[in-house]
Amino acid sequence: MTDLLQMIKEASNKIKDFSNNFKPQIGMILGTGLGALGKEINAKVIIDYKDIPHFPLSTVETHSGKLILGEMSGKNVVAMSGRFHRYEGYSMQQITFPVRVMKELGITYLLISNAAGGLNPQFKAGELAIIEDIINFMGDNPLIGKNYNELGPRWPDMIEPISRKLIKYAEDAAKELNIKINKGVYIGVTGPNLETRAEYRMFRNFADMVGMSTIPEIIVGVHSGLKILGVSVITDECDPDHLEPADIVKIIRNAQEAEPKLTAIMKKVIEKI
Ligand code: HPA
């Protein structure tokens, strides 16, 4: 297999060729039903994942699989419209390859959005929640295997996986925009099945949101030394005693309805960076 460092170089060189050496400062990963944020970017180039060497291809219909490079709130950004999930069969290393490539392009900040179930009974569907800390319950880790010291340390610490400075920016932005925003611990599972009542009951004891993404990208972001912000859109309420059948259409609709609030906050956070 080609060496990871070489793969990162090949992918980033191709993107530099396509974009005339565009240098993004901020990377973004747009979650399920949350791609509209990408439309706010004054795009310089849009590249299909299939045209980037070693990029995995997105299989989920709601994810379009494009890298958008351009300007937003006066900053150079690169956004992934379409992300990869463990349940699609990708390895944790494949899922996080684009984070490595964005870092190689020059980003120092990584902003992540996702759709998540609300475990905290005070979090309502359609509301936003800042990820304050994470629990990796995916039974896997993107850093397993050979460590490249050029990319990061063998044993990265997790004292501040999410940047306190960016959390403050997001809270301030929400206040200025008069948008309600929650804050809590995100627990990541592989999916694709939703949780059992017993699992929701257990997770409620130590987390506020549950979802099937974001954990691998945060771990690799930390390994890469990036400052990270994650915001969840609460798409359903996970009350083990009043559980309703999962309605994926409704979950995606809830994400799309909350999207304008998320977009407004992310734009303001980018202004503050
Ligand atoms: N569980 C896991 N992932 C999710 C959920 C959920 O309830 N809602 C949205 N993504």
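How far from a nitrogen atom of the ligand does a polar side-chain atom of Glu 195 lie? The separation between that polar side-chain atom of Glu 195 and the ligand nitrogen is 2.6 Å, which falls under the heading of a polar contact (a pair of N or O atoms within 3.5 Å; within protein, one must be able to donate a hydrogen and the other to accept it, and residues adjacent in sequence count only if both atoms are side-chain atoms). The model is predicted: local features need pLDDT of at least 70, side-chain atom pairs count only at pLDDT 80 or more, and totals for chains, interfaces and linings use all residues. Residues are numbered from 1 along each chain as its sequence is written, and side-chain values use heavy atoms, with hydrogens and water left out.

Asp 236 places a polar side-chain atom 2.7 Å from a ligand nitrogen atom, while Tyr 200 has one at 2.8 Å from an oxygen atom of the ligand. Taken alone, the ligand exposes 260 Å², of which the protein buries 93%; accessible areas come from the Shrake-Rupley method with a 1.4 Å probe, and for residues only the protein chains shown count as cover.

The surrounding shell includes Ala 115, Ala 116, Gly 117, Val 210, Gly 211 and Cys 238, where a residue is near a molecule or strand if one of its heavy atoms lies within 4 Å of it. By class, the shell has seven nonpolar, three polar and two charged residues. In this scheme Ala, Val, Leu, Ile, Met, Phe, Trp, Tyr, Cys and Pro count as nonpolar, Asp, Glu, Lys and Arg as charged, and the others, Gly among them, as polar. Strand 5 (109–118), strand 8 (209–211) and strand 9 (227–237) are the elements that give two or more residues to the shell, and strand 5 supplies the largest share, three residues. Helices (H or I, at least four residues) and strands (E, at least two) are DSSP runs, numbered from the N terminus.

Between strand 8 and helix 5, the loop holds Thr 214, which has a positive phi of about 70 degrees although it is not a glycine. Thr 214 counts as buried because its relative accessibility is 0%; buried means under 20% relative accessible area, exposed over 50%, and partly exposed in between (1.4 Å probe, protein chains only). Helix 5 (residues 215–223) is largely enclosed by the rest of the structure, because nine of its nine residues are buried. The cover over these buried residues includes strand 1 (26–30), helix 2 (92–105), strand 5 and strand 9, with contact taken as heavy atoms within 4.5 Å. Just after helix 5, Gly 225 takes a positive phi of about 80 degrees.

Strand 4 (residues 75–81) is likewise largely enclosed, because six of its seven residues are buried. Strand 4 pairs with strand 1 in the parallel sense over five bridges, pairing being defined by DSSP finding at least two bridges between two strands. In strand 4, Met 80 stands opposite Ile 29. Strand 3 (residues 66–72) runs antiparallel to strand 4, and seven bridges join them; here Glu 71 stands opposite Asn 76. The two strands form a hairpin with two residues between them, and Ser 73 in the turn has a positive phi of about 50 degrees. Ser 73 counts as partly exposed because its relative accessibility is 26%.

Pro 192 is found in the loop between strand 7 and helix 4 (197–204).
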